[in-house]
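Subject: Structure for your study

Dear colleague,

Please find the structure below, handed over for your study.

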Amino acid sequence: MKTLSQSPTDPDFVQNPYAFYAAARAHGPFFLWADYDLPCTCSAVAVNAIFRDRRFGREAPPECAPPIPPHIAAFYAVEANSMLELEPPRHTRLRSLVLRAFTSRRIAALAPEIDVLTHQLIDAFPKDGFDLLQHFARKLPVIVIARLLGVPEAMSGDLLHWSNAMVGMYRAHRSRADEDRAAAATQAFVDFLTGYVDQRRARPADDLITHLIAAEAEGQRLTTEELISTCILLLNAGHEATVHTLGNGVRTLLQTATPLAMLAPDGVERTIEEILRFDPPLHIFTRWAYTDVQVMGQRFQRGDRVGLLLAAANRDPVVWDHPDRFDPARPIKPNASFGAGLHFCVGAPLARLELQIALPILFARCPNLRLAVPPDYANTYHFHGLERLVLTDAPPG
Ligand code: HEM
């Protein structure tokens with residue numbers, strides 16, 4: 001396995017990580033990413049195989065679990081009850097409770113609301129030059145997930161703030177200040193939800209919180225800690241990635257001068273899948289090996305970790321023709337952006353629905369949309385998303 005160095009905070013890498021992935025791929029399915037001291041793969045076959053292989057998982061083997069410093073205990077207390085960090089049987093129980101409330105019927109029923117909300121946000125755009133992330137991409141997903149859960153929309157600002165601070169824990173080379181912010185935000189989030197869930201016990205409604213409270217009340221199927229962690233996971237996972245898919249997607253559509261026809265009803269699904277493949281918001285997820293196992297000639301021992309580079313898998317020429325070309329007419333086939341296997345993204349149908357509704361409306365309502373300032377990616381490898389996306393819709397000339 002070849003050892004490669006690449007700082008995840010190097011400005012050229014942040015703006016274009018795909019060049020490094022292509023170079024790494026040339027050395028075979030696995031390479032050791034020296035900066036993380038982590039074997040990683042850019043291979044679509046290996047990424048898919050490890051996601052689906054039960055000999056790998058997200059939960060650390062008990063003898064490998066790192067000690068938790070007291071100043072970030074609040075953060076890890078929430079993670080300890082989050083399905084994303086667990087393996088069966090607890091993962092199965094938590095995930096099936098969420099899926100029971102997250103039915104395709106309930107998701108599809110959100111379409112008219114997403115449509116109205118998209119129009120409302122566009123109505124409120126400033127007249128000249130505006131940041132699409134601030135006025136659109138950051139607002140839509142958080143309002144949708146807050147409504148689905150049954151959390152007051154007025155809390156959106158706090159939810160965004162807490163969630164941004166919490167994902168700071170995944171920042172490359174995070175600082176003590178990042179950790180303190182994440183722990184404080186976690187505590188504030190838990191305090192809010194504990195009070196809110198208490199109020200809501202007496203006020204059932206047709207929302208996810210009511211459903212989860214019912215599961216908690218019915219017996220031992222969901223503890224209060226699990227209920228709170230599940231709400232936090234859904235609220236955080238439910239918007240951060242969608243925000244940046246909207247941003248990255250609009251940037252790509254504008255930079256490639258993609259014709260509006262590609263967002264018409266007969267093409268929008270393909271276009272959104274291509275946006276997700278071409279420039280996804282989440283690039284790396286890790287797995288622990290639970291036993292000695294070999295994948296594409298690479299040996300892993302119990303306690304080893306491996307990095308799955310989703311965005312690199314999406315550009316693997318073994319699977320994709322001309323992978324570096326944005327081609328919204330490309331026939332749909334599975335990409336790695338939502339993961340695969342046991343932890344496959346619960347919110348994928350909701351994220352797709354939001355993108356498929358919001359982008360056609362945005363481009364139809366703003367026919368002169370173009371970049372006012374060349375956009376830069378933020379220096380946060382844990383989220384590959386833009387700092388700002390300043391656009392104008394003024395008629396040209
Ligand atoms: C474009 C937007 C999104 C992307 C790219 C995305 C990506 C992902 C990925 C890659 C995973 C798997 C992580 C792993 O296997 O280690 C995941 C899991 C998850 N996502 Fe998403 N996600 C998106 C939107 C959403 C939304 C809207 C929701 C909630 C409504 C959501 C909720 C979740 C949850 C709960 C999990 C954990 C599932 C489990 O552990 O079984 N995501 N997501």
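In which helix does Val45 lie? Val45 belongs to helix H3, residues 44-52. Please note that this is a predicted model, in which local features need pLDDT of at least 70 and side-chain atom pairs count only at pLDDT 80 or more, while totals for chains, interfaces and linings use all residues. Residues are numbered from 1 along each chain as its sequence is written, and side-chain values use heavy atoms, with hydrogens and water left out.

Helices (H or I, at least four residues) and strands (E, at least two) are DSSP runs, numbered from the N terminus.

The surface patch

Val45 is partly exposed, with a relative accessible area of 44%; the term covers values between buried (under 20%) and exposed (over 50%), with a 1.4 Å probe and protein chains only. Together with Met296 and Val318, Val45 makes a nonpolar surface patch of about 290 Å². Such a patch joins nonpolar side chains (Val, Leu, Ile, Met, Phe, Trp, Tyr) within 5 Å, from residues with over 30% relative accessible area and no salt bridge. A salt bridge is a side-chain nitrogen of Lys or Arg within 4 Å of a carboxyl oxygen of Asp or Glu. Areas come from the Shrake-Rupley method with a 1.4 Å probe.

The strands

Strand S3 (residues 38-41) is covered on both faces: Leu38 and Cys40 on one side, and Pro39 and Thr41 on the other, are all buried. Two strands pair if DSSP finds at least two bridges between them. S3 pairs with strand S2 (residues 30-33) in the antiparallel sense over four bridges, and Phe31 has Cys40 in S3 as its bridge partner. S2 and S3 form a hairpin with four residues between them, and Asp37 in the turn has a positive phi of about 50 degrees. With strand S9 (residues 305-309), S3 pairs in the parallel sense over two bridges; there, Thr41 stands opposite Leu308.

The cavities

There are three cavities of 30 Å³ or more in the structure. A cavity is a set of points, on a 1 Å grid over the protein atoms alone, where a 1.4 Å probe fits but cannot get out; lining residues have an atom within 4 Å of a point. A volume is the space filled by probe spheres set on the points. The largest cavity has a volume of about 60 Å³, and its lining includes Arg270, Glu273 and Trp320.

Yours sincerely

How values were computed
Patches are made of residues with over 30% relative accessible area and no salt bridge: like charges are joined within 9 Å, nonpolar side chains (Val, Leu, Ile, Met, Phe, Trp, Tyr) within 5 Å. On a 1 Å grid over the protein atoms alone, a cavity is a set of points where a 1.4 Å probe fits but cannot get out, and a pocket is an open set with protein on both sides within 12 Å along at least five of seven lines; lining residues have an atom within 4 Å of a point.
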